[in-house]
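Please look through the sequence and the structure shown below before reading on.

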Amino acid sequence: MIDILVVFRAEDAVLDFLTVLAAPGREETRVLVCGTRETIEPPPGEELGPTLDAVGRRALPAGAGHEPCDVDTLAAWIGATAAGRPARVWTHSPADNRRTRGRIGRDAAIAATGAGLPVQHAVGYSPYLQCVSDEDRPLTRQLMRLKAGFANQHCGPLLTAEDPELLVDTPRIPAAERFFRCEPEERDRLYALLASLGDEVAAVADPWEFHSSPYEHARLDATTAWIARHHRPEAGPLVEVGACEGALTDRLEHKGFRVEPTEPNPSFRQRLAERRTADRPTHPHDLAALAAQPHLPGTAYLLIEMLYYGQDLDLLDDLPTDTVHVALEPGALARTLDPWLARNPTWTEAERLPLVHPVVEAVCNGRAYLSKRGSIGVLLRRRTTG
């Protein structure tokens, strides 16, 4: 049996997979370092010193290396390494908060599964989402000393790295290495849960589990009730920016409101549009486009759980409405909206209320649990002049 470790940087093989390298009676191991496209062949035998030296020699300074490999490259590389022999693949978690590792965890699993090889994912690093493991391997004191010594000898500059993708600190040097297996749908959902924008997050339908999560149901119901308390359906349309697949849109329309949903992500927009009739269009605009060409006037604009991506909040000044509903988790609200609102002459806060409180909730059919950080609604009114 050949153990194939697929990692982003060479040091990952020791920091996340030392118990694999140190497994008693291991037959043959190969480490595929995606960042540098190198294969490391640890020396045979159970002495770890030569193996750690071989890996350490490939450890690079911060910023060196390349982007992760794509699925086709990984499939060819894994196939050539296995060369028809019995093999198993070890790789990062698709839910690793370091997106370089998360992407490799997903893509290496796709490549290995396509070749009929079993895959074990390291739980890895994720401060918000924790995967339920299938196998836990606590390090002995001797192994922990070896791992810490390796970090000190070969990862010195990374101990103070500012880039969280490269930083090596205590949470990234686990004293117990935990591993799990997952099905393809579970794997893709785990990866999408920690993506932010673009095709990656939309690779699966309903990535944030709006339709099955009790927390999300409570948040959406509370948000709907909050908006309905301030507006009447006959007063005019509500423009929902970043409507995703329409979980809030559906609730508001069920209450009789006319909603103009906008969604720049084509996959989300298509899923939403497929449920709507021709007289209820779905628009492709993001916040910047809506402000640049203010052609969708509304009784209110709804910016619900979408101001997390560095948008210029001054764009709100150009929206064709006098009322904006914003909802954000408390930390993001304090970091972004509050400082902007304190210096903005155009908008005033008319109301602030908690919509839902934080909870810890199981996701991905119980494979993981996630901190849901709560949501606070802020009602903004345009200041009158004169």
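Contact here means heavy atoms within 4.5 Å, and helices (H or I, at least four residues) and strands (E, at least two) are DSSP runs, numbered from the N terminus. This is a predicted model, in which local features need pLDDT of at least 70 and side-chain atom pairs count only at pLDDT 80 or more, while totals for chains, interfaces and linings use all residues. Residues are numbered from 1 along each chain as its sequence is written, and side-chain values use heavy atoms, with hydrogens and water left out.

**Helix α6**
- The buried residues of α6 pack against α1 (12-15), α2 (18-21), α3 (48-56) and β8 (176-180).
- Those buried residues (under 20% relative accessible area, with exposed over 50% and partly exposed in between, for a 1.4 Å probe and protein chains only) are L143, K147, F150, A151 and H154.
- Turned away from the buried side, the opposite face of α6 carries the exposed residues R141, Q142, R145, N152 and Q153.

**Strand residue R137**
- R137 lies in strand β7 (residues 135-138), and residues up to four places away in sequence aside, R137 touches T19, V20, W90, A176, E177 and F179.
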